[in-house]
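Student: I am new to this structure and would like to learn how to read its features step by step. Could you guide me through it, beginning with a sheet?

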Amino acid sequence: MKTLPDTAHDPVRRDPPDLDRLRDLATQIRRDAVRMIAANASGHVGGALGAAEILAALYGHVMRSDPADPERDRFVLSNGHVCAAFYAAMARIGRLSVDELVTFRRLDSRLQGHPARVDLPDLVETSTGPLGQGFSVANGLALAARLDGRSSQVFCLVGDGEMQEGQVWEALMTAHQYRLMNVTLIIADNGLQIDGEVEHIKSLQPLADRLAAFGWDVQEIDGHDLAALVQVLEGSRTSDRPTAVIAKTIMAKGVPFMEGLAMWHGKAPTLDQARQALADIGPSAGYADFPVAGGIL
Amino acid sequence: MSPATLVPIRDAFGKALVDLGAENPDVVALTADLAEAVKVHWFAEAYPRRFFQMGIAEGDMIGTAAGLALGGKVPFATTFAVFATSLANQAVRLSVAYNRANVKIAVSHGGLTVGEDGATHQAIEDLALMRVLPGMTVVAPCDAVAARKAVFAAAAHQGPVYLRLGRVPTPILTDETTPFELGRANVMRPGDDVAIVSIGAMLELALRAAEELDRDGIEARVIDMHTLKPLDRAALDAAAAECGALVTVEEHTIVGGLGGAVAEYLAGTRPTRVEMVGIRDTFGESGTPDALLRKYGITVEAVVAAARRAIAGRDAATT
């Protein structure tokens, strides 16, 4: 009696995505992440920049994310270290004050170095940071939604290096065992981890084959292609299996002098480097940068 | 105390969970391939939709339970004590405790009396591991009657609970009228000469030791500290003030468990002689439960001797 009746999914998005708006949102997420990290000289810039389109697609279009809506979709940022991008997305869709972004990683801030549910209970579905943990929680959220007959889709973002954690594979089996079609796993696949290249440290390949062998509907896309992200993430709602989206990303995408370099996993740029990065990213059209004391950025 | 019938505390847990499930449709249960061992198979039969077999994957089970709790359910995640607290410790710390998720981690096989399976399966440090987590309530009921009450009390409490049960059948020491309130210890026997504070099934040893001491005219107060965290400070204040000498008894290492908790508290309030009966910073081994308890010094005689030392220490300090 492990398999429960399936919940019919309501494919909620009818309107076509406004890709220009999403692109602009991704640009601002990048600007915010760089400025948050540089202003406080602390944070993980590479993964945050690399996840900008994924977060823009999810929160800018795909997800029903009103915290007051019990039918809302859930998002679990299992690779919690890229949370600068998450906080920026929250601010830019109006769930956080934009002015709060500057407090990232400071004492007494709600914007903890890794996402803390106790500080942001409406926005952070589960605290994350130590890798390999969030995905199991996402499955639990999906089971709870199914028990209650809610149509929520649970989107869980993991890093590719994170998939070296054994619990991720336990969770892959769980979602398959319970046929959790309401779970969408997104793998931010940038090929890098702190100590270097995933392929040389502990290879995940052939990742798509492995995921398929675990019973998952596997989609491989460019993780910076907003149209593809929207289409695949939206489509995952109606798959007859749990969906794994391998989103190929470039660490620190958008900032050429950082791109693809593992050293930018957890390093904060200097103010000069941040100014260069912001010049590379360029301005957004629809958003204003948050103020930083002294106007240093 | 007359010889009592031995009742498996795990059975009481399993039956209570079924009754709780009838009362509260949000209660769900999970296990990591130990449904029958932890007696959660009755819940599975009664409420198949609300039962989740997670396979041999304890960290994933705890994480999934956290997700169920954050999604509004009241999950009881069941396995053996050593697996929940060591194998799955990261998930317990992050996804349950730090989230303040309403997960009840209900385990059997706490302590040495796991027996023949040996040191690998004997959780002798689980109470310490759970006690140090902020916001975690830590409970070990003394018998099957209390275990049933503990299940309902854990469910009524909003927040994470670690509920530790032993493997072996134990005598019934309480009845329906005995109170069971989380964080409120029960004084099971009055006395002002020494206080014996026990946790879990060790209450039986404490009561038998008190009887023995009584033959020598020593009146021992026996306190069932079924909730290790939050500790009942008032009960300890009273014992320190009125007895001035304490003995702790636990089927657990004396490092960081009941003895540690009591000593930590009294050191800062009313420094009192505390003698600890428990495992002395060593792993266990294979053997019958009784043989193990004897070898590792968790016996009525050990409690009696500890009580005499505590009294002597108190008297030496005050003269």
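Tutor: Let us take the sheet in chain B, where five strands form an open sheet with mixed pairing, in the order S9-S11-S10-S13-S14. Please keep in mind throughout that this is a predicted model.

Student: Which strands are the edge strands of this sheet?

Tutor: They are strand S9 (186-189) and strand S14 (273-279) of chain B, each of which pairs on one side only. Going from one strand to the next, the twist averages 25 degrees.

Student: In which sense do S13(B) and S14(B) pair, and over how many bridges?

Tutor: Strand S13 (residues 245-253) of chain B pairs with S14(B) in the parallel sense, over six bridges. To see one of the residue pairs, look at Thr253(B), whose bridge partner in S14(B) is Ile279(B).

Student: Which strands does helix H9 of chain B touch where it packs on the sheet?

Tutor: Helix H9 (residues 233-242) of chain B touches strand S10 (194-198), strand S11 (220-224) and S13 of chain B, and its direction makes about 170 degrees with that of S11(B). H12(B) packs on the sheet as well, touching S10, S11, S13 and S14 of chain B, with a direction that makes about 145 degrees with that of S13(B).

Student: How should I describe two helices that pack on each other?

Tutor: In general, two packed helices are described by the angle between their axes and by the distance between those axes. Here, the axes of helix H8 (residues 203-215) and helix H12 (residues 300-318), both of chain B, come within 8 Å and cross at roughly 60 degrees. That angle is why H8(B) counts as oblique to H12(B). The crossing in which H8(B) passes H12(B) is right-handed.

Student: Which residues in H8(B) and H12(B) meet?

Tutor: From H8(B) come Leu205(B), Ala206(B), Arg208(B), Ala209(B), Glu212(B) and Leu213(B), and these meet Val300(B), Val303(B), Val304(B) and Ala307(B) in H12(B). By class, the residues of this contact between H8(B) and H12(B) are eight nonpolar, no polar and two charged.

Student: What domains does the domain assignment give for chain B?

Tutor: The assignment gives domain 1 (6-171) and domain 2 (186-318), and the centres of these two domains of chain B, taken over C-alpha atoms, are separated by 26 Å. Their contact takes 28 residues from domain 1 of chain B and 29 residues from domain 2 of chain B.

Student: How many residues of chain A are in contact with chain B?

Tutor: There are 26 residues of chain A in contact with 26 residues of chain B. On the side of chain A that touches chain B, H5(A) gives the largest share, with 10 residues.

Definitions and conventions:
Residues numbered from 1 in each chain as written. Chains lettered and ligands numbered in written order. Predicted model: local features only at pLDDT ≥ 70, side-chain atom pairs only at ≥ 80, totals over all residues. Axes fitted to C-alpha atoms, helices over the stretch in contact; angles between N-to-C directions. Helix = DSSP H or I, 4+ residues; strand = E, 2+ residues; numbered from the N terminus. Parallel < 35°, antiparallel > 145°, perpendicular 65-115°, else oblique. Left-handed = near helix turned anticlockwise from the far one by under 90°. Contact = placed C-beta atoms within 7 Å. Nonpolar A, V, L, I, M, F, W, Y, C, P; charged D, E, K, R; others polar. Domains from an automatic or database assignment. Pairing = 2+ DSSP bridges.
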